[in-house]
Amino acid sequence: MFRSWLNWISAFLLFAGGAQSKPEGSVAEDLWYQGVVAYTRALAQSGKGEWLDALEHYQIAADRMAYVNGKYPEFQKEIVEFRLEALRNDAARTYNEICALDHDAADAYFGLLEQLAAGERQASLQDWEASVRTLLIVQRDLLGLRLGRPEFFPNTLRYQLRRCELQLQSSEGRLGATKEGRARLMALQKEIEDQDLMNPILPDRPEIAMSPALFP
């Protein structure tokens, strides 16, 4: 089945390459291609039981495909809608697999991913203090989740923790570039450390937050 899906991808991309005019057709085609690649990767990861990684790529694929479906309705609409629906069904099965393993840890993980993305957005807006505060909390809670649930996708947790640490290092460097900023950085670090003494191993997070394109 997976091989037939790959064959379909190749055939469709060849067909779509000549079907659309430039430049709008090329934009839709590029986005669709990104969605197909992400979907293919998600299917492969699901097949290996890499559920967290798979769900992340399902979300990327759904975002791209849903955007094409809404913004470029003339672009192979029936095919796009059919594949988007199939993707959502596959993602729902993956979601169920994750929750079956550990629903509380899944809630925590996806809540932390949302916070991590927020910290990265704050950095992109050069709001270094907000970024540092957010990322210090995410770093603490990712470590807590990793220690509290060592069997819960350890490789993926290590990857997300490294992602957090790299952005935190950059944001701390920017915040600490001035004397005033260094003082603020030290105060933030102490604040989070003090909170950590009272923080449970598994952080309390809201229900899993998914892209509306994936689970509308």
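These legends walk through several close-up views of the structure shown above.

This is a predicted model, in which local features need pLDDT of at least 70 and side-chain atom pairs count only at pLDDT 80 or more, while totals for chains, interfaces and linings use all residues. Residues are numbered from 1 along each chain as its sequence is written, and side-chain values use heavy atoms, leaving out hydrogens and water.

**View 1. The chain has seven helices and zero strands.**
Helices (H or I, at least four residues) and strands (E, at least two) are DSSP runs, numbered from the N terminus. Reading from that end, the elements go α-α-α-α-α-α-α. Of the 216 residues in the chain, 43% count as buried; here buried means under 20% relative accessible area, exposed means over 50%, and partly exposed lies in between (1.4 Å probe, protein chains only). Contact means heavy atoms within 4.5 Å. Among contacts between residues at least 6 apart in sequence, 76% join residues at least 24 apart.

**View 2. Helices α5 and α6 come within 9 Å of each other, axis to axis.**
Helix α5 covers residues 128–148 and helix α6 covers residues 154–175. Their axes cross at roughly 155 degrees. Axes are lines fitted to C-alpha atoms, for helices over the stretch in contact, and angles run from 0 to 180 degrees between N-to-C directions. The two helices are therefore roughly antiparallel. For such labels, angles under 35 degrees count as roughly parallel, over 145 as roughly antiparallel, 65 to 115 as roughly perpendicular, and the rest as oblique. The crossing of α5 and α6 is left-handed, a word used if the near helix is turned anticlockwise from the far one by less than a right angle, with right-handed used if clockwise. On the α5 side, the residues that meet α6 include Trp-128, Leu-135, Leu-142 and Arg-146. Their partners in α6 include Leu-157, Leu-161, Cys-164 and Leu-175. By class, this contact has 13 nonpolar, five polar and six charged residues. Ala, Val, Leu, Ile, Met, Phe, Trp, Tyr, Cys and Pro count as nonpolar, Asp, Glu, Lys and Arg as charged, and the others, Gly among them, as polar.

**View 3. Helix α4 also passes α6, with axes that come within 10 Å.**
Helix α4 spans residues 77–124, and its axis crosses that of α6 at roughly 25 degrees. These two helices are therefore roughly parallel, and their crossing is left-handed. Tyr-109, Leu-113, Leu-116, Ala-117, Glu-120 and Ala-123 make the contact from α4, and Thr-156, Leu-157, Gln-160, Arg-163, Cys-164, Gln-167 and Ser-171 make it from α6. Those residues divide into seven nonpolar, four polar and two charged.

With a relative accessible area of 57%, Gln-126 is exposed. Phe-153 is buried, because its relative accessible area is 13%.

**View 4. Gln-45 lies in helix α2, which covers residues 24–47.**
Is Gln-45 buried or exposed? At 7% relative accessibility, Gln-45 counts as buried. Setting aside neighbours within four places in sequence, Gln-45 touches Glu-50, Asp-53, Ala-54 and His-57.

**View 5. Arg-133 in helix α5 and Glu-114 in helix α4 are both charged residues.**
Arg-133 is partly exposed, at 28% relative accessibility. Beyond its neighbours within four places in sequence, Arg-133 is in contact with Arg-184, Leu-188 and Glu-191.

**View 6. Cys-99 and Cys-164 both count as buried.**
Relative accessibility is 13% for Cys-99 and 0% for Cys-164. A disulfide is a covalent bond between the sulfur atoms of two cysteines. How many disulfides does a search of the whole structure find? The search finds zero, taking a disulfide as a pair of cysteine sulfur atoms within 2.5 Å.
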